[in-house]
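Subject: Model for your files, with notes

Hello,

Here is the model I said I would send. My notes follow below it.

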Amino acid sequence: MSLERSDVEKIAHLARLAVSDDELEAVTSDLSNILNLVEQMETADTEGVEPMAHPLHMTQRLREDEATEQDQRNLFQSLAPLTDEGLYLVPRVIE
Amino acid sequence: MHNKTISELALGLRVGDFTSVELTRSYLDRVSKFNNELNSYITVCEESALQSAEIADRRIRAGEAEPLLGIPIAHKDIFCTEGVKTSCGSKMLDNFIAPYDAHVVSLFNQSGAVMLGKTNMDEFAMGSSNENSYYGPVHNPWKLEAVPGGSSGGSASAVAAGLCVAATGTDTGGSIRQPAAFCGITGLKPTYGRVSRYGMIAFASSLDQGGPMTRTAEDAAAMLQVMAGFDPRDSTSADQPVPDYMAGLGNDLSGLRIGVPKEYLGGGLDADIEASIQLALAEYTRMGAELVEISLPNTQLGVPTYYVVAPAECSSNLSRFDGVRYGYRCSDPKDLEDLYKRSRGEGFGPEVKRRIMIGTYALSAGYYDAYYLKAQKIRHLISDDFREAFKKVDVIMGPTAPSTAFGIGEKSDDPVTMYLSDIYTIAVNLAGLPGMSIPVKPVGGMPVGLQLIGNYFEEAKLLNVAHRLQQETDWHSATPAGFE
């Protein structure tokens with residue numbers, strides 16, 4: 001599997017990762033090599049095999065729908081890059 | 001003092017040979033003496049460690065005798081520690097002071113263990129050499145130009161060099177066992193679900209598992225006793241009783257059936273490493289165990305499958321790092337998309353970005369069946385290989401890694417070669433089984449690890465089997481020159 005630079009640009013956009021033009025060539029080659037490794041999966045016959053989502057085949061546990069967490073907004077927001085009156089601030093999205 | 005096991009130190013504390021404050025001080029002194037050359041620790045918590053040690057001394061004087069009370073340990077910097085920087089080896093979390101403790105950290109605190117600090121690691125636990133840390137590579141105490149393995153390389157080098165008594169690690173594809181092998185220590189990856197993942201920063205959630213890294217199997221048993229158990233805050237935590245791991249350590253090995261996978265020995269394995277493994281196996285037969293050749297026919301598919309499953313889950317887990325709520329934010333973002341892209345592009349290192357992109361690609365529209373679904377099916381085949389094997393044998397043994405510790409910089413330009421160094425450990429995570437690495441005869445002065453793989457929730461058996469070898473041989477007690 002050989003990716004083009006444009007493929008990598010698209011993947012990087014989907015992943016919301018800035019990849020500079022300088023990095024693009026090396027990243028394209030690295031990702032192509034990794035996908036070549038991954039493609040060895042094609043040698044396996046998986047006809048009729050169930051996909052395995054959990055090592056112990058457990059189903060997700062459910063709990064009662066009740067509030068268990070305390071309000072720790074001030075503590076958590078103290079870690080944020082930019083907040084104001086309990087809100088997380090980002091660049092303007094609505095003109 | 002720093003060459004002693006947990007139980008030896010606990011005895012010394014109880015009979016009053018030394019106090020926990022003295023013990024902690026002696027480890028802190030070693031950390032300040034050696035951390036410059038090894039880079040094992042990202043954060044050292046001198047003040048809080050001495051405070052915990054004082055509290056432990058009071059509890060000991062009051063007659064308490066919990067196994068880890070007053071024992072200085074270190075946590076991999078992937079475990080959240082309230083009020084202490086928790087970086088996960090990343091620039092992204094360089095400014096992150098965790099607001100709560102991981103479940104594992106709470107358990108150790110309750111046990112009275114003293115936390116010396118947080119150990120270095122590959123960024124977000126992605127790597128096999130510890131070269132992917134934002135805080136620089138960790139050095140192997142056996143040879144400073146060599147890697148300690150990864151991703152729990154800081155914990156491994158700290159234990160090997162006597163910069164803590166024991167440490168925690170995490171293992172997604174070999175990240176406890178491979179550095180344990182490279183640094184000549186004992187490492188245990190428990191069954192998936194045995195140890196809570198709450199507060200353990202997620203990489204690949206269906207594979208991640210925390211475990212102990214120690215000088216001996218007996219120490220690993222003491223550590224696992226604290227770590228293991230059900231936690232309702234981890235939705236995949238296993239609600240299974242926790243046995244007394246110390247109690248099983250004396251069991252006789254006669255009649256033990258050891259499966260030796262033909263795919264693990266011979267082939268591409270270094271001949272000297274094979275000889276070390278054979279020597280350990282011969283030791284087991286001398287103790288009454290029986291060797292049975294088995295086959296794990298899908299071994300070669302482990303690495304390719306892992307490099308779909310792990311990146312796919314990582315791309316999803318790491319989407320939370322958005323430069324908005326915590327962690328790194330780029331300067332002067334021009335709009336929201338620029339904020340996301342540059343915060344992530346600047347905050348993550350190259351390996352993390354590669355894996356996020358591989359995962360994003362594998363999960364993107366039109367590729368899901370060919371990659372993720374196919375990988376989940378092969379995962380089933382790999383798991384079935386082990387199920388078949390465990391019908392015939394009690395434990396599986398082979399090498400932990402195909403080589404001894406390689407040089408810093410030797411493989412860092414070639415991700416695929418680096419990935420292949422985890423060939424023997426990865427399948428164990430895909431199947432969710434417990435695995436262990438213990439030191440056997442070194443090759444060229446460098447440690448070699450024997451890997452032990454057990455059936456689900458059979459950590460007690462693995463610990464016993466490992467402990468028996470350590471009773472009969474002294475490979476595990478070797479100390480790197482300069483760190484005696």
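A definition first: axes are lines fitted to C-alpha atoms, for helices over the stretch in contact, and angles run from 0 to 180 degrees between N-to-C directions. Helices (H or I, at least four residues) and strands (E, at least two) are DSSP runs, numbered from the N terminus. This is a predicted model, in which local features need pLDDT of at least 70 and side-chain atom pairs count only at pLDDT 80 or more, while totals for chains, interfaces and linings use all residues. Residues are numbered from 1 along each chain as its sequence is written, chains are lettered from A and ligands numbered from 1 in the order in which they are written, and side-chain values use heavy atoms, with hydrogens and water left out.

Helix packing

Helix α4 (residues 103–111) of chain B packs against helix α7 (residues 217–227) of chain B at an angle of about 110°, and their axes are 8 Å apart. That makes α4(B) roughly perpendicular to α7(B), since angles of 65 to 115 degrees count as roughly perpendicular, under 35 as roughly parallel, over 145 as roughly antiparallel and the rest as oblique. On the α4(B) side the contact (heavy atoms within 4.5 Å) is made by B:V104, B:L107, B:F108 and B:S111, and on the α7(B) side by B:M223, B:V226 and B:M227. Nine of the eleven residues of α7(B) are buried, where buried means under 20% relative accessible area, exposed over 50% and partly exposed in between (1.4 Å probe, protein chains only). Among the buried ones are B:M223, B:V226 and B:M227. Just after α7(B), B:G229 takes a positive phi of about 140°.

Annotated sites

From UniProt (unreviewed entry) comes an "active site" annotation covering B:K76, B:S151 and B:S175. These residues span 100 residues in sequence, yet no two of their C-alpha atoms are more than 11.1 Å apart, so they gather at one spot. UniProt positions are given in the numbering used here, feature names are shortened, and annotations may be inferred rather than shown by experiment.

B:K76 lies in strand β2 (residues 72–76) of chain B and is buried, at 0% relative accessibility. Setting aside residues up to four places away in sequence, its contacts include B:K118, B:T119, B:S151, B:S155, B:T170 and B:S175. B:S151 sits in the loop between β3 (114–119) and α5 (153–160) of chain B, and B:S151 is likewise buried at 0% relative accessibility. Beyond its neighbours within four places in sequence, B:S151 is in contact with residues including B:K76, B:N130 and B:S175. The side chains of B:S151 and B:K76 make a polar contact of 2.8 Å; a polar contact is a pair of N or O atoms within 3.5 Å, where within protein one must be able to donate a hydrogen and the other to accept it, and residues adjacent in sequence count only if both atoms are side-chain atoms. The peptide bond from B:G150 to B:S151 is cis, with omega near 10°.

Nonpolar cores

A nonpolar core is a set of buried Ala, Val, Leu, Ile, Met, Phe, Trp, Tyr and Cys residues joined through side-chain atoms within 4.5 Å. The largest has 168 residues, and those with the most contacts inside it are B:F124, B:Y284, B:F386, B:L450 and B:L452. Apart from it lies another core, of eight residues, among them B:A146, B:V147, B:F182 and B:M446.

Loops

B:R197, in the loop between β5 (186–189) and β6 (209–214) of chain B, is buried at 15% relative accessibility. Its side chain makes a polar contact of 2.7 Å with the side chain of B:T236. B:D94, in the loop between β2 and α4 of chain B, is partly exposed at 30%, and a 2.5 Å polar contact joins its side chain to that of B:Y135.

B:N39 is buried, with a relative accessible area of 18%, whereas B:D332 is exposed, with 70%.

Regards
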